[in-house]
Amino acid sequence: MQFLGGNRRKLRLADDQRNACYPHSLQFYLQPPSGNISLIEFENLAIDRVKLLKAVENLGVSYVKGSEQYQSKLEAELRKLKFSYRENLEDEYEPRRRDHISHFILRLAYCQSEELRRWFIQQEMDLLRFRFSILPKDKIQSFLKDSHLQFEAISDEDKTLREQDIMASSHSLGGVQLELESVYKIPFADALDLFRGRKVYLENGFAYVPLKDIVAIILNEFRTKLSKALALTARSLPAVQSDERLQPLLNHLSHSYTGQDYSTQGNVGKVSLDQIDSLSTKSFPPCMRQLHKALRENHHLRHGGRMQYGLFLKGIGLTLEQALQFWKQEFIRGKMDPDKFDKGYSYNIRHSFGKEGKRTDYTPYSCLKIILTNPPSQGDYHGCPFRHSDPELLRQKLQAYKIPPSGISQILDLVKGTHYHVACQKFFEMTHNVDDCGFSLSHPNQFFFESQRILSGGKDFKKESVQPETPQSKLSVQRSKDASSALASLNSSLEMDLEGLEELLQ
């Protein structure tokens, strides 16, 4: 595959050639992509795929997989991000091409540790399960053949001949009439899990598996192939990491924030200092609520807390002058001398607004940054309560926030499963009395603005139109300097030919 600095040179393919490239809306990704792609498109596709897989993860925790809500919301995400999801749609070449290339890009980013590989495989399996569930029955045999799976649907005559044995062995059929269900003849070795559970009919070295049971076998095959491919990619990764334009992007992709940029100050001045106490109890996420409470009680926060809370307040609309007044008033209440504040603290506040030092306009911390970096120690109040609090202490906090016992149990279960974003989203739904908040929470400032929108009856708090962060401008507002320099390189006009990349991605 070639990566180009300029726009990708699009190839005009006839309809039959385009269909032959991607005959189905799902695939096993057995062959790596070939052809030319710009470095900007490489980056765009990578970020969109991360967004999709994170949506798959969140929906899998929030809803029962396969339920009507789960199916409709996942289909909406695929539509929004322009990835393939259904057969027989017009002009599906580009969505399927995006799906193919982006999968292999993420292999490069997520092969680097066992934890990343596990996460990537699980989300890709859930995505395949969804796509297979809506695959028309007349397309299944073709998909199995293209995926090199030796699963053959038996004829109606063979099905009738073995009807009693299949019905007796396959528990998933329940009271379903067998003539309405497809049955596949597959090698015995591919159905070992069903055999161990005595859930399949065997004859002459073959298992006769109903369609409802074959999904698990297909997913197991996919997991095995993808796991091996990721292990091979990891061993060959140095060939790609030697390129200074790709290496920072791939290293940071797995923990980059890809949501909206809340640094845009379209909301400046719309929050008064008198409102903060009231807003903290109505619209602040728990992480900021505990920082505000600690500041009011102790009249001081350590550096980590000041940065996390100060940038959040900046993001909801506090001006530099308001921020200086807010922090100075509070610290003076703690018996700090005004001159000491001016000399020791005001510089850092001006610095965070881009008025000192390198003039960097710092952005509010995303949930990902709060969860993954700078964990709080004794005497600190920053961090994520769902990630960094002892379970019993978290239970007490939730009780103080008047969360009902059933809700507390749900949140603690999510925390136990390390789904911290979803736990906070569940907290939002319970404190705002909504069954489904309609968004995937990824930022404290997002929590605030969505809360204000609900409390004002659907009218936005009017942080003026925050545009989604574009990869061309910023890959992540929380990215390191190395990654920023890589983005400049990604937009250069140089052409790179990664020899042997196709073999690397096998």
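A: A crossing is right-handed if the near helix is turned clockwise from the far one by less than a right angle, and left-handed if anticlockwise. In this predicted model, helix 15 passes helix 24 in a right-handed crossing.

Q: At what angle do the axes of helix 15 and helix 24 cross?

A: Two packed helices are described by the angle between their axes and the distance between the axes. Here the axes of helix 15 and helix 24 (residues 444–455) cross at roughly 40° and come within 10 Å. That angle makes helix 15 oblique to helix 24.

Q: Which residues of helix 15 and helix 24 make the contact?

A: Helix 15 contributes Phe-312, Gly-315 and Ile-316, and helix 24 contributes Pro-444, Asn-445, Phe-448 and Phe-449. By class, five residues of this contact are nonpolar, two are polar and none is charged.

Q: How is helix 14 oriented to helix 15, and what is the hand of the crossing?

A: Angles from 65 to 115 degrees count as roughly perpendicular. The axes of helix 14 (residues 286–298) and helix 15 (residues 303–316) cross at roughly 115° and come within 10 Å. The two helices are therefore roughly perpendicular to each other. Their crossing is left-handed.

Q: Which residues of helix 14 and helix 15 make the contact?

A: On helix 14 they are Cys-287, Met-288, Leu-291, His-292 and Leu-295, facing Gly-305, Gln-308, Tyr-309 and Phe-312 of helix 15. This contact has six nonpolar and three polar residues, with no charged ones.

Q: How far apart are the axes of helix 15 and helix 16?

A: The axes of helix 15 and helix 16 (residues 320–333) are 12 Å apart, and the packing angle is about 140°. Helix 15 and helix 16 are therefore oblique to each other. Arg-306, Tyr-309, Gly-310 and Leu-313 of helix 15 meet Phe-326, Trp-327 and Phe-331 of helix 16. Five of the contact residues are nonpolar, one is polar and one is charged. Tyr-309 also takes part in the contact with helix 14.

Q: Where does UniProt place the feature "binding site"?

A: The unreviewed UniProt entry places the feature at Cys-287, Cys-367, Cys-384 and Cys-424. These residues span 138 residues in sequence, yet no two of their C-alpha atoms are more than 9.8 Å apart, so they gather at one spot. The lining of the second largest cavity includes Cys-287, Cys-367, Cys-384 and Cys-424.

Q: Which helix does Cys-287 lie in?

A: Cys-287 lies in helix 14, and is among the residues of that helix in contact with helix 15.

Key. Residues are numbered from 1 along each chain as its sequence is written. This is a predicted model: local features need pLDDT of at least 70, side-chain atom pairs count only at pLDDT 80 or more; totals for chains, interfaces and linings use all residues. Side-chain values use heavy atoms; hydrogens and water are left out. Axes are lines fitted to C-alpha atoms, for helices over the stretch in contact, and angles run from 0 to 180 degrees between N-to-C directions. Helices (H or I, at least four residues) and strands (E, at least two) are DSSP runs, numbered from the N terminus. Angles under 35 degrees count as roughly parallel, over 145 as roughly antiparallel, 65 to 115 as roughly perpendicular and the rest as oblique. Contact means heavy atoms within 4.5 Å. Ala, Val, Leu, Ile, Met, Phe, Trp, Tyr, Cys and Pro count as nonpolar, Asp, Glu, Lys and Arg as charged, and the others, Gly among them, as polar. UniProt positions are given in the numbering used here, feature names are shortened, and annotations may be inferred rather than shown by experiment. On a 1 Å grid over the protein atoms alone, a cavity is a set of points where a 1.4 Å probe fits but cannot get out, and a pocket is an open set with protein on both sides within 12 Å along at least five of seven lines; lining residues have an atom within 4 Å of a point.
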